[in-house]
Amino acid sequence: MNTKNNILQTIHHLRASGQFVLYTNKPKVTKNELDDLGSFLAQEYENEALNYPFESPEFDEEAAIWGAKMIYFGAQFLGHRHDEPKDLNQYFEEFTTEITPASCLSADISLRFLPFIIKELEAIDFEDWLLKILKAHIKKFPYSAIGHDLNLEIDQEKLTELFQNGCFKTLFIDRVIEKKDISLTEHTIIHENIAIHLGAHKNHFWKAFTSEV
Amino acid sequence: MERNLTQGVTEYWLRLPIAYKEKLAQIRVWKNLRMATDAQDIWVRGITPNQLVSAEIRSIPFKKIYVQQDNALFLLGGNLPEERLKTSLLWSPIDKALPVEIPNYNFNFFGVNETIDFKLVASNIEHEAKAVLVNLDVLEVYIQNAPAVRLKEIQWTFIQENAFLLGTPILPIPGKSYWQQLNFLIPAGYDFEYPELSNFYHKNLQVTNDEYIVLQSDHSYYKIAKEQFKPLSISSYRRSQ
């Protein structure tokens with residue numbers, strides 16, 4: 001692995017041990033670095049997809065790299081920042097492509113760690129501008145925010161559309177059940193699917209879950 | 001005006017001279033009966049109409065059957081009260097009042113070389129299934145789109161061409177199911193012919209704590225080491241192919 005490639009090293013370390021190591025105080029990414037990062041993420045996705053039910057969607061490199069950049073810069077600016085708030089929007093660009101099950105799952109490889117950073121930021125300063133940016137971005141990827149109590153709005157229509165994909169639907173509901181995120185069960189479509197997953201054993205697996213909405 | 005004396009009666013009383021105490025042996029297994037003694041007699045109460053007509057009660061000699069009406073005991077079929085209601089007696093469950101006595105040790109017993117067969121018999125008692133033996137093809141169809149929460153608590157291993165799944169709640173797929181007693185996995189619907197001896201079998205087969213003994217309905221068995229079991233997940237299934 002290229003030791004100069006800061007973003008790749010950071011993400012690799014994060015995936016391997018769940019810890020952040022920041023290598024520089026001037027975050028910058030080059031095209032080459034992102035290409036290397038892309039192939040690393042593709043490998044990680046392939047490993048995880050082995051455990052995905054149904055047919056796993058194709059790896060979406062663009063979304064995966066976008067997610068990695070999100071967490072890389074998020075962590076950087078949690079650690080220290082010199083720039084003015086107005087200058088920092090350039091680091092967090094909008095994800096403009098349409099969101100599909102493939103992009104949700106690919107971005108999730110690194111995006112699943114973002115809620116921890118959001119929590120840290122909330123603990124430091126609830127009014128932080130960075131917090132608002134990150135929250136606005138992760139709102140589009142509800143799959144990565146499950147179980148963290150971030151009080152995000154959920155676009156039910158979009159979710160219904162994503163749930164057309166059996167693989168994504170099963171993974172989404174599995175994660176809700178695993179994290180026991182009771183607040184999400186307010187949404188009818190999630191509630192229905194949890195009831196289907198738990199079946200007759202709902203008392204055994206999740207006592208707090210009630211069949212009535 | 002004449003009334004039907006048996007109206008509303010749910011229990012009958014039985015009176016037996018104390019000399020015939022052993023005659024009660026056959027009904028001491030009925031848990032609903034309570035028993036008391038006074039100077040000359042044994043009193044049993046709590047006998048249901050069904051039990052009254054059974055062979056066990058009818059075969060007891062020298063008995064008198066009473067029904068209770070208000071504060072008096074009427075002989076069954078009689079119109080006049082025979083006794084006052086017994087209020088001062090001390091009632092106890094019949095199996096406590098008539099304890100089993102073990103016969104004296106027989107020093108001249110020659111049957112010590114006799115053995116019993118290790119046998120499984122069909123059983124009526126319901127046990128929760130703990131393990132299932134399923135065909136791999138059947139498992140594959142289910143597991144590809146199974147919710148992770150159902151797989152999480154299941155351990156699995158291979159038995160020839162089949163998958164042996166251990167853990168509850170068992171997966172909703174057809175297969176041979178087993179229930180667990182000690183380290184024995186016994187086919188569902190079967191039990192040892194003498195369940196009391198399971199501890200003895202356990203010791204006699206030299207079962208260690210690191211293995212399961214899977215019994216089969218044809219009385220054969222095989223052992224599975226506990227370390228052979230791996231957590232079941234979609235990836236562990238796909239990797240094993």
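User: Which residues of helix α6 of chain A are buried?

Analyst: This is a predicted model, in which local features need pLDDT of at least 70 and side-chain atom pairs count only at pLDDT 80 or more, while totals for chains, interfaces and linings use all residues. Residues are numbered from 1 along each chain as its sequence is written, and chains are lettered from A and ligands numbered from 1 in the order in which they are written. Helices (H or I, at least four residues) and strands (E, at least two) are DSSP runs, numbered from the N terminus, and a residue is buried if 20 or more other C-beta atoms, placed from the backbone, lie within 10 Å of its own, exposed if 12 or fewer do, and partly exposed in between. In helix α6 of chain A, residues 129–138, the buried ones are Leu130(A), Leu131(A), Leu134(A), His137(A) and Ile138(A).

User: Within what arc do the buried residues of α6(A) fall?

Analyst: The arc is that of the directions from the helix axis to the C-beta atoms. Viewed down the axis of α6(A), the buried residues line one face of the helix, because they fall within an arc of 135°.

User: Which residues are exposed on the other side of α6(A), and which elements do its buried residues pack against?

Analyst: On the other side of α6(A), the exposed residues are Lys132(A) and Ala136(A). Packing rests on contacts, and two residues are in contact if their C-beta atoms, placed from the backbone, lie within 7 Å. The partners of the buried residues of α6(A) all belong to chain A, and they are α3 (61–79), α4 (101–111), α5 (114–124) and α7 (142–145).

User: On which side or sides of α10(A) are its buried residues, and what arc do they cover?

Analyst: The buried residues of α10(A) are Ile190(A), Asn193(A), Ile194(A), His197(A) and Leu198(A). They are on the same side of α10(A), because around the axis they cover an arc of only 130°.

User: Which elements do the buried residues of α10(A) pack against?

Analyst: The face turned away from the buried side of α10(A) carries exposed residues, Thr188(A) and Ile196(A). The buried residues of α10(A) pack against elements of chain A and chain B, namely α9 and α11 (202–205) of chain A together with α5 of chain B.

User: What is the bridge partner of Tyr12(B) in β3(B)?

Analyst: Strand β1 (residues 12–17) and strand β3 (residues 41–47) of chain B run antiparallel and are joined by five bridges. In β3(B), the bridge partner of Tyr12(B) is Ile47(B).

User: What is the omega of the peptide bond from Thr168(B) to Pro169(B)?

Analyst: Pro169(B) lies in the loop between β11 (162–166) and β12 (176–181) of chain B. The peptide bond from Thr168(B) to Pro169(B) is cis, with omega near -10°.

User: Is Gln206(B) buried or exposed?

Analyst: Gln206(B) is found in the loop between α6 (198–204) and β15 (211–215) of chain B, and although Gln206(B) is not a glycine, its phi is positive, about 55°. Because there are 6 C-beta neighbours inside 10 Å, Gln206(B) counts as exposed.

User: How many residues does α7(B) give to the side of chain B that touches chain A?

Analyst: The contact takes 14 residues from chain A and 11 residues from chain B. On the side of chain B that touches chain A, the elements that give two or more residues are α5 (148–151) and α7 (234–239) of chain B. The largest share of that side comes from α7(B), which gives three residues.

Definitions and conventions. Pairing = 2+ DSSP bridges.
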